[in-house]
Amino acid sequence: AKCDIMRVQQMFGPGVTSAVQDPSYPVYVDTSVMMGQTGDINEETSQYDNIVYMPCTAENDFFPDYASLPRADVVYFCSPNNPTGAAATKEQLTGLVNLCKERGSILVFDAAYAPFIRDPNVPKSIFEIEGAKEVAIECNSFSKYAGFTGVRLGWTVIPSDLKFSDGTPVRQDFNRVMTTAFNGASNIVQGGGLACLDPEGQEEINKLIDYYLENAAMLKEAMTSIGFNVFGGDNAPYVFVQLPEGKSSWDMFSEILEKAQVVTIPGAGFGPGGEGYLRLSAFAPRDSVIEACERLKKAMVKS
């Protein structure tokens, strides 16, 4: 999906303002910088000028209040989210779609973790929301869906109803970018994708996703038992751990690495809004997860 995010950015060009969740997967900010959409970085806030950062915190249930922020031409939104593990409800996404329609913003919806959704009130596609075909682009991927991270296979959906302000279809411009910059996935990769979609492939994928969600539950229980506030891990493979007041994510990363020899991801790596959190990933063999949980419980106490 990140390859198509870059191509989407190439389609929009340097003259737009983007809004991103904070914290978020770095590709949205990085591609905005690479396309020349941003100004300088503010050393005090660690944020780039000309990007609308949408705070996603425990206080707002990791769902941004876009209505209170400046309008952006393009709004990038990932659900279930990397790194927070938050999954937006139908009601939340309906409000976001309606607001993007009112403001004339194009919503780029990253649904790479949709197969992990187990809550019936959490949409797996933005196009489950009424009116989304008029405002949204959806990117998705086999990377997390079926372990295709190195194989590379994904897709982007741009409805015919989505148009620029001058009435021209957005998909027309995206098709121009794709046919110029990309020759398509190889036959062997497409064959693997088709195998994932047949009944046997779907059965295997569902088992694998259940396996990773069980890993996430174990990680969540371990960190909760130590005394941390923990988020995510229910409809996503990521567990987001809130650190004690004043504890930096890099300091906690180093402390856990030294005391427990367990590798975590500092939340600050996902933007300034991730400071004060750690991300844990369920993408690991069960034995490794069990060992990590045992080490964490033995070596760590909330401080």
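The model I consulted is a predicted one.

*Entry on other salt bridges.* How many salt bridges does a search of the whole structure find? I recorded eleven. One of them joins the side chains of Lys220 and Asp234, at 3.0 Å from N to O. I noted that this pair links distant parts of the chain, since Lys220 belongs to helix 7 and Asp234 to the loop between strand 9 and strand 10, 14 residues apart.

I next examined Glu291 and Arg295, which form a salt bridge whose closest N and O atoms are 2.9 Å apart. These two residues are four residues apart in helix 9 (residues 286–299), so about one helical turn separates them. A general rule applies here: an α-helix has 3.6 residues a turn, so residues three or four places apart point the same way. I looked up the accessibility of each partner. Glu291 counts as partly exposed because its relative accessibility is 35%. Arg295, with a relative accessible area of 34%, is partly exposed. I also noted a network in which salt bridges with shared partners join Lys247, Glu255 and Lys259.

*Entry on helix 6.* Which residues of helix 6 (residues 187–197) are buried? I listed Val189, Gly193 and Cys196. The buried residues of helix 6 pack against helix 4 (143–146) and helix 7 (199–226). On the face turned away from the buried side I found the exposed residues Asn187, Ile188 and Leu194.

*Entry on the sheet.* I traced an open sheet of four strands in the order 9-10-12-11, with antiparallel pairing. Strand 9 (229–232) and strand 11 (265–266) are the edge strands, each pairing on one side only. I recorded five bridges between strand 10 (residues 238–242) and strand 12; Tyr238 has Ser281 in strand 12 as its bridge partner. Two bridges join strand 11 to strand 12 (residues 277–281). In strand 12, Arg279 is the bridge partner of Ile265, and Leu278 is that of Pro266.

Finally, I looked at what covers these strands. Helix 8 (residues 249–260) lies across strand 11 and strand 12, at about 50° to strand 12. Strand 12 is mostly covered, with four of its five residues buried.

Methods:
Residues numbered from 1 in each chain as written. Predicted model: local features only at pLDDT ≥ 70, side-chain atom pairs only at ≥ 80, totals over all residues. Heavy atoms only, no water. Buried < 20%, exposed > 50% of the residue type's maximum accessible area, 1.4 Å probe, protein only. Contact = heavy atoms within 4.5 Å. Pairing = 2+ DSSP bridges. Axes fitted to C-alpha atoms, helices over the stretch in contact; angles between N-to-C directions. Salt bridge = Lys/Arg side-chain N within 4 Å of Asp/Glu carboxyl O.
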